[in-house]
Amino acid sequence: MHGPAAEALSCVLLAVLLATAITRPTWLPEAAAAVPAAVLVIITGALPWHLARTEAGRLLPVLAFLGAILVVGHVCQQEGLFAAAGARLARGSRGSPVRLLGGVFGLASVTTAVLSLDTTVVLLTPVVHDTATRLRVRPKPHVYACTHLANSASLLLPVSNLTNLLAFSVAGLTLIHFGALMAVPWLVAIAVEYAAFRWFFAGDLALAGPAAARAADAPLPRVPRFALVTVLATLAGFVLTSLAGVSPAWAATAGAVVLAAESLIRGQDRPAALVRAVSIPFLLFVLGLGIVVEAVVHNGLGAVLTRVIPAGSSLVSLLALAGLAALLANVVNNLPAVLVLLSVLAGRGLLAGPGPVLAVLIGVDVGPNLTYAGSLATLLWRRLLADRDQPTDLGEFTRLGLLTVPAGLVLVTAALWAVLRI
């Protein structure tokens, strides 16, 4: 199959996968749609086998890394690391909603950077919601901060976001160089979010009573030292493997194995729960999605984007790339967006140093805060809050996104451009 028929088939399959990801029907695992779709584009010839094999080979180390980090986050939650952090957030706030927001920003930013945005959404958001509720302050600013920072504060390290891992695989950077280039843009993104939240939620943050201060003095649970030390050792492993030219997936896997073994020995967890934490259906979904996106690029989209993607690493070019990536993320979700743009940049000779790849990363990390559909993490965040009877409003979410996303894209990209010139 070639030409318009292959292009139409690839686009239809991509639309089906996106619809499955957005609606997330409980009776259908993500992989049940993605794996057959990937097989179909291969057997029909819409994507030649050698291209599918190359794409799979590029994605497999990324998926191994992600699966290991998901296990690390799961065991840390089981060991009580996030509950201990939530209790210390409450104590540090002394009942003040503004201080609590500052603590949430710090904790969510670090959690996202170190343990990935999925950890922030799935494990930290419930802790933050319950902490705010126990302090009898309005939880909305604090839980909204979790989803915004899960996206925009995921710029710092490859581990922070699946989009980062994909970009890291083609950027030609070491982990240390990646972090050094993104440190200032990361801080700028957080600062933009914090300023916007203080203004947008001023009314919610002004309300607190004496009960909040009393609740903040509740006894503190112990910090699980083994889990904390293992996470810090895993981070050190990321640096060492990067310096040695070895995939950081080995360090992530080692950390996951150590934490999982300790949890099993203590009877804190069960093997089945650890296997579920790996989220194999989601990893297969990402693999299938990558192959289908490659088919879309191969059958025409790549040529179209090649004509509109700006060349070079000037400020104007980087801003245009970040804006295009943000637009695509909000139209088709950030994961397909980054797969498409990275495939075009890497496959058609448009890379001029790391600047274009990192500008795309800014677009797909900061941009999704504009709409619910921009990020799979945001869709999951909505479901978690619905389970806790915490409503979310599309109009309010969009107004907040309009306040943070355009300013964030411009200022964060400008910060990247400045760092690249140093």
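What percentage of the 422 residues of the protein chain count as buried? In this predicted model, the share of residues that count as buried is 55%. The secondary structure of the chain consists of 20 helices and 0 strands. The radius of gyration is 21 Å, close to the 22 Å given by the globule rule for 422 residues, and the chain is therefore as compact as a globular protein of that length. Along the principal axes, the C-alpha atoms occupy a box of roughly 70 × 50 × 45 Å.

Contacts and surface were examined next. Among contacts in the protein chain with a separation of 6 or more, 82% are formed by residues 24 or more positions apart. The accessible surface amounts to about 16,700 Å², and carbon and sulfur atoms contribute 69% of that area. The charged side chains comprise 25 positive and 17 negative ones. The centres of these two sets are 6 Å apart.

A search of the whole structure for disulfides returned 0. A disulfide is a covalent bond between the sulfur atoms of two cysteines. For Cys76, the closest cysteine sulfur belongs to Cys146 and lies 17 Å away, which is too far for a bond. The cut-off for a disulfide is a pair of cysteine sulfur atoms within 2.5 Å. Cys146 is likewise in no disulfide, its nearest cysteine sulfur being that of Cys76. Cys76 is buried, with a relative accessible area of 0%, and Cys146 is also buried, with a relative accessible area of 0%.

Helix α6 spans residues 117–134, and the loop between α6 and α7 contains Arg136. Is Arg136 buried or exposed? Its relative accessibility of 64% means that Arg136 counts as exposed. Arg136 has a positive phi of about 60°, although this residue is not a glycine.

Helix α7 covers residues 140–152, and His148 lies in this helix. His148 counts as buried, at 0% relative accessibility. Which residues is His148 in contact with, leaving aside its neighbours within four places in sequence? The contacts of His148 are Ala153, Glu193, Phe197, Asn369, Leu400, Gly401 and Thr404.

The loop between α7 and α8 (162–171) holds Asn161. Asn161 is buried, with a relative accessible area of 4%. The C-alpha atoms of Asn161 and Leu117 are separated by 5.9 Å, although the two residues are 44 residues apart along the chain. Leu117 is one of the residues that Asn161 touches. Ser154 and Asp365 are also touched by Asn161, with residues up to four places away in sequence not counted.

Conventions
Residues are numbered from 1 along each chain as its sequence is written. This is a predicted model: local features need pLDDT of at least 70, side-chain atom pairs count only at pLDDT 80 or more; totals for chains, interfaces and linings use all residues. Side-chain values use heavy atoms; hydrogens and water are left out. Buried means under 20% relative accessible area, exposed over 50%, partly exposed in between (1.4 Å probe, protein chains only). Helices (H or I, at least four residues) and strands (E, at least two) are DSSP runs, numbered from the N terminus. The radius of gyration is taken over C-alpha atoms; the globule rule is 2.2 Å times the number of residues to the power 0.38. Contact means heavy atoms within 4.5 Å. Accessible areas come from the Shrake-Rupley method with a 1.4 Å probe; for residues, only the protein chains shown count as cover. Lys and Arg count as positive and Asp and Glu as negative; His and the chain ends are not counted. The place of a charge is taken as NZ of Lys, CZ of Arg, CG of Asp or CD of Glu.
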